[in-house]
Amino acid sequence: MKLKSGLAGLLIVACGVVASAQGPKADPNVGGARTLTIVTEPNAVVWIDEIRRGTTDGGGMLTPVRVSSGAHTLRARANGFKEITMPLPATQRGEVKVRLVRTADEAELAFQQSETARETARDDEGRQKAADLYRHTLKLRPAFPAAHVGLARVLLDLNDTNGALAEIEAARRYRAVYPEASAVEGRIYREAGQTDEAVGAFNRAIRESHGFQPEAHVGIGRVYEDKGQYELAAREFQIAINQLSDTEPVIYQMLGAAYEKSGNNKEAIAAYENYLRLAPNGSLAPAVRSIVEQLKAQQP
């Protein structure tokens with residue numbers, strides 16, 4: 001399963017220990033978390049510290065958004081509006097109002113269309129349309145690192161590994177330290193079967209983001225899973241879940257599968273039930289319900 005970007009997603013803040021595919025580590029989550037409510041335009045995408053935390057509802061609200069103590073950076077974007085980046089002071093509590101201003105910037109509007117096309121694509125025709133929109137955006141503004149990463153994601157979905165890697169390289173020319181680009185690079189290498197390169201890229205993403213990079217933790221979890229190290233995979237998936245604060249139900253399905261494969265049926269059931277709690281009508285829900293019934297029948 002693929003997380004949305006900044007997921008499509010595909011968001012508590014963690015820091016400190018760099019992940020490694022060589023052995024276990026401590027969960028880097030830190031205490032002192034606070035809860036915010038973001039208030040802005042309807043259907044706006046919100047990032048904190050460059051990690052997508054969700055989309056506002058029809059009334060323009062996103063809650064709860066959990067962050068750790070300390071200062072952070074918030075970014076928000078809604079179709080037809082200029083993207084904004086603003087500080088979140090360490091003293092910030094409760095409601096955060098984010099004022100977006102309408103834009104006529106052609107590159108910005110084209111990028112927004114590209115992102116929508118990629119996130120709603122259901123087949124290669126839709127993905128190719130998204131790729132074309134990203135290329136149009138980059139003609140309008142070549143120095144647009146987020147558009148290069150978006151194009152890399154869609155090219156990966158189209159199985160164009162070399163093209164995707166070229167876009168990651170282009171993104172870094174304009175933004176040298178770019179955790180999302182490193183996480184996507186890790187996915188590209190993993191899907192190409194280049195495990196060592198994948199682990200290196202995922203670790204770089206975690207290092208660049210000071211520990212808070214759920215997409216990279218999921219990526220390392222998938223590497224462990226590929227190696228049959230299911231308990232270590234489960235540990236990475238749990239870190240990603242903690243960092244995302246229940247905004248990506250599919251990771252609970254991954255966690256459940258890892259526990260199931262490791263023979264830990266009790267934890268598998270709990271993880272699967274969390275998936276069903278968050279996505280009762282999700283595409284995986286019927287299969288997950290069936291698995292839960294089977295596992296419960298095997299319980300002593």
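**Note on the salt bridges of this model**

1. Arg 172 counts as partly exposed, at 22% relative accessibility. This value, like the others below, comes from a predicted model. Glu 185 has a relative accessibility of 9% and therefore counts as buried, since the cut-off for that class is under 20%. The side chains of these two residues, Arg 172 and Glu 185, form a salt bridge with an N to O distance of 2.7 Å. Because Arg 172 belongs to helix α4 (residues 161-174) and Glu 185 to helix α5 (residues 179-191), the pair ties together parts that are 13 residues apart in sequence.

2. In total, the structure holds 19 salt bridges. One of them joins Asp 105 to Arg 141, whose closest N and O atoms are 2.8 Å apart. Asp 105 sits in the loop between β7 (94-97) and α1 (106-120), and Arg 141 in the loop between α2 (124-140) and α3 (145-157), so this contact links parts 36 residues apart in sequence. Asp 105 is partly exposed, at 32%, and Arg 141 is also partly exposed, at 28%.

3. A further salt bridge pairs Glu 273 with Lys 296, with 2.7 Å between the closest N and O atoms. Glu 273 lies in helix α10 (residues 265-278) and Lys 296 in helix α11 (residues 285-298), so the parts tied together are 23 residues apart in sequence. Glu 273 is partly exposed at 34% relative accessibility, and Lys 296 is partly exposed at 45%.

4. Shared partners also connect salt bridges into one network, which comprises Arg 52, Arg 75, Arg 77, Glu 83, Glu 115, Arg 118 and Glu 119.

Terms used: Residues numbered from 1 in each chain as written. Predicted model: local features only at pLDDT ≥ 70, side-chain atom pairs only at ≥ 80, totals over all residues. Heavy atoms only, no water. Salt bridge = Lys/Arg side-chain N within 4 Å of Asp/Glu carboxyl O. Helix = DSSP H or I, 4+ residues; strand = E, 2+ residues; numbered from the N terminus. Buried < 20%, exposed > 50% of the residue type's maximum accessible area, 1.4 Å probe, protein only.
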